[in-house]
Amino acid sequence: MNLKQLEYALAVADTGSFTRAAERCHVVQSALSHQVARLEAQLGVSLFERSSRRVRLTPAGEAFVLSARPAVDAARRIADDVAAACGQVRGRLAIGEISSLTALDLVDLLAVFHGRFPDVDVRWITAKSEWLIADVVERRLDVGFIGLWQGEVVQGVQHRLLAREELVALLPVDHRLAGCGQLALADLADEVLVDFPEGTGARRQTDEAFQAAGLQHRVQFEIGHVRLVEKFVQRGMAVGLVPERVAQGFEGVALARLVDAPVRHLYAVWSSSPTPAARAFLEVMEQHLGGND
């Protein structure tokens with residue numbers, strides 16, 4: 001077996017699709033499928049259950065992923081570690097952030113990093129906190145910027161607390177409560193809400209806050225990006241709950257503080273054994289945060 005075969009099989013495992021795996025690896029699907037089949041022949045097992053609808057790991061495939069992922073990661077790092085020992089930082093830096101990150105300007109931070117380390121290939125995605133943590137644990141991402149609710153514990157990764165934020169209510173400007181500078185969750189119990197999908201970390205604290213107050217609430221619109229909260233509220237279709245610094249960047253909406261506001265903590269998270277590029281980025285981040293203290 002060779003490194004490319006391992007990478008291709010891991011891509012299929014990650015995406016659940018030979019088509020998407022080929023897109024991720026920038027190869028034609030037939031070539032990727034051929035290499036995965038050769039790998040399976042060499043191992044003498046089937047790694048995937050294939051059907052017309054989906055691709056799933058077999059028990060042998062699950063064992064393969066556990067062994068192959070750290071092996072591929074180690075192989076990728078050899079050249080980068082050797083270069084770093086000679087004073088050159090290069091390789092790949094994969095970063096992910098939530099859509100409502102407010103603790104720092106990640107674009108500005110990446111611009112500074114790129115100016116210092118132009119040989120590093122940077123990839124950036126936006127996703128939900130729980131996905132970002134999983135990607136850091138599985139080493140698909142080097143650094144993630146996430147939001148967790150008060151009382152939630154960061155597990156399986158190294159982390160740094162960036163900020164603590166309270167949520168505020170967003171109201172249409174002509175709403176009957178728009179002139180109130182301060183509200184309670186009870187004032188919003190009968191309102192139509194816009195929020196992230198049920199079961200996500202971004203939604204969980206809202207649900208738990210209403211439950212703790214003994215209140216029912218109704219989320220009618222489930223969205224995947226925080227900017228959509230602004231649009232629904234602007235058009236008078238719903239009320240939203242967002243971090244205060246996010247709300248301050250919105251237009252055409254009214255803002256009210258909450259006496260019993262949910263609180264979230266923003267973190268940077270990374271692996272316990274970061275790559276040279278990730279270590280360099282974390283150093284730039286610390287310098288940036290130190291300058292803002």
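**Close-up 1. The second largest pocket of the predicted model.** At least two lining residues come from each of helix 6, strand 5 (143-149), strand 8 (192-195), helix 7 (201-212) and strand 10 (239-243). By residue class, the lining of the second largest pocket holds 14 nonpolar, 10 polar and 4 charged residues.

**Close-up 2. The largest pocket.** The space in this pocket amounts to about 780 Å³. Arg24, Arg76, Arg92, Arg123 and Arg140 are the closest to its centre among the 27 lining residues. Charged residues number 14 in this lining, alongside 11 nonpolar and 2 polar ones. Helix 1 (3-15), helix 2 (18-25), helix 4 (59-85), strand 4 (120-126) and helix 6 (129-137) each contribute at least two residues, and helix 1 gives the most, with 6.

**Close-up 3. The largest nonpolar core.** This core has 39 residues, and those with the most contacts inside it are Leu93, Ile95, Leu104, Leu106, Phe145, Phe281 and Met285. Among the elements that supply two or more of its residues are strand 3 (91-97), helix 5 (106-116), strand 6 (158-172) and strand 12 (263-270). Helix 10 provides the largest share of the core, 8 residues.

**Close-up 4. The surroundings of Leu104.** Beyond its neighbours within four places in sequence, Leu104 is in contact with Leu109, Phe145, Met285, His288 and Leu289.

Definitions and conventions: Residues numbered from 1 in each chain as written. Predicted model: local features only at pLDDT ≥ 70, side-chain atom pairs only at ≥ 80, totals over all residues. Heavy atoms only, no water. 1 Å grid on protein atoms, 1.4 Å probe; cavity = no way out; pocket = protein on both sides within 12 Å on 5 of 7 lines; lining within 4 Å. Points joined across faces, edges and corners; volume = space filled by probe spheres on them. Helix = DSSP H or I, 4+ residues; strand = E, 2+ residues; numbered from the N terminus. Nonpolar A, V, L, I, M, F, W, Y, C, P; charged D, E, K, R; others polar. Core = buried A, V, L, I, M, F, W, Y, C linked by side-chain atoms within 4.5 Å. Buried < 20%, exposed > 50% of the residue type's maximum accessible area, 1.4 Å probe, protein only. Contact = heavy atoms within 4.5 Å.
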